[in-house]
Amino acid sequence: MNFKELVVKNRSYRGFDENHRFTREELAALVDYARLAPSAKNTQAMKYFLAWENEAVDAIFPHTKWIGAWGEPGIPTDPPIPFEGTRPTGFIVIVQDLEINDKLARFQRDVGIFAYAITLAAAEAGIGGCMIGAFNAAEVKKALNLDDRYAPQLLIALGKPAEEIVLTEAADGDVGYYRDEANVHYVPKRKLVDLILN
């Protein structure tokens, strides 16, 4: 698979095979890609909580929201996504170590770079991921008993994909994602010609 194919494969999955289980070593190997990625001033202020055991995964899941377009046409709200039996079986929680640097806004780009490195590596290994910014950080921190020095910034849900995601071309600028009767998830993308300014 070439790099463009990998980028296309790296989607935001919201349905997983719950029979697939992770080991700590598998999740740590994904974090190693983030470790090697660029960091602002080489600060490397992020740390990672790995959740692969049921107890930790179950502690995180209730504090997540999965679809930003919740309730819009084509996006079902009942039953909620992920559907019963298709929850993720792993999480990587990206936290900022405030003792390294306590300026949260300054390192948001790092969070994105590190998360994308992780999900690209996961996609290459046949694992689906979903970056989740809509989560209750205080409750996740409490559920995982994290020290005060660690500020949760982003969750990455992981699992073996159990749904189909299709990229389409956005019509008339409509980029709202939607699902069809077969629960195929469609993600409209703007045309390249509409993105380049010169």
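## Salt bridges around R149

In this predicted model, the side chains of R149 and D97 meet in a salt bridge, with an N to O distance of 2.7 Å. The two residues come from distant parts of the chain: R149 is in the loop between α5 (137–143) and β5, D97 is in strand β3, and 52 residues separate them. R149 counts as partly exposed at 25% relative accessibility, while D97 is buried with a relative accessible area of 0%.

R149 also forms a salt bridge with E99, at 3.4 Å from N to O. E99 lies in the loop between β3 and α4 and R149 in the loop between α5 and β5, so this pair ties together parts that are 50 residues apart in sequence. At 58% relative accessibility, E99 counts as exposed.

Across the whole structure, a search finds six salt bridges. One of them joins the side chains of R179 and E163, at 2.9 Å from N to O. This pair too links distant parts of the chain, with R179 in strand β7 (residues 178–179) and E163 in the loop between β5 and β6, 16 residues apart. Both partners fall under the 20% limit for buried residues: R179 has 9% relative accessibility, and E163 has a relative accessible area of 14%. Elsewhere, salt bridges that share partners join K47, D97, E99 and R149 into one network.

## Aromatic cluster

The structure holds three aromatic pairs. In one of them, the ring centres of F16 and W66 are 6.4 Å apart and the planes stand at 65°, so the pair is edge-to-face. F16 belongs to strand β1 (residues 16–17) and W66 to the loop between α3 (54–60) and β3; the two are 50 residues apart and link distant parts of the chain.

W66 also pairs with F61: their ring centres are 6.1 Å apart and their planes are at 40°, so this pair is tilted. F16, F61 and W66 together form one aromatic cluster. F16 and W66 are both buried, W66 at 5% relative accessibility. F61 is buried as well, with a relative accessible area of 13%.

## Helix α2

Helix α2 covers residues 24–36, a run of 13 residues. From its first C-alpha to its last it reaches 19 Å, close to the 18 Å expected at 1.5 Å a residue. Its buried residues are L27, L30, V31 and A34. An α-helix has 3.6 residues a turn, so residues three or four places apart point the same way. The cover over the buried residues of α2 includes β2 (46–51), β3 (90–97), α4 (108–124) and β5 (150–161).

## Strand β6 at L167

L167 lies in strand β6 (residues 165–169) and counts as partly exposed, at 33% relative accessibility. Leaving aside residues up to four places away in sequence, L167 touches V8, R11, V187 and K189. The C-alpha atoms of L167 and Y177 are separated by 9.5 Å, with the two residues 10 residues apart along the chain.

## Nonpolar surface patch

Which residues make the nonpolar surface patch of about 310 Å²? They are L192, L195 and I196. L192 sits in the segment after β8 (185–189). With a relative accessible area of 61%, L192 is exposed, because the cut-off for exposed is over 50%.

Definitions and conventions
Residues numbered from 1 in each chain as written. Predicted model: local features only at pLDDT ≥ 70, side-chain atom pairs only at ≥ 80, totals over all residues. Heavy atoms only, no water. Patch = residues over 30% accessible without salt bridge, like charges linked within 9 Å, V, L, I, M, F, W, Y side chains within 5 Å. Areas by Shrake-Rupley, 256 points an atom, 1.4 Å probe, with all protein chains shown as cover. Salt bridge = Lys/Arg side-chain N within 4 Å of Asp/Glu carboxyl O. Helix = DSSP H or I, 4+ residues; strand = E, 2+ residues; numbered from the N terminus. Buried < 20%, exposed > 50% of the residue type's maximum accessible area, 1.4 Å probe, protein only. Expected span 1.5 Å × (residues − 1). Contact = heavy atoms within 4.5 Å. Phe/Tyr/Trp six-rings, centres within 6.5 Å; stacked < 30°, edge-to-face > 60°.
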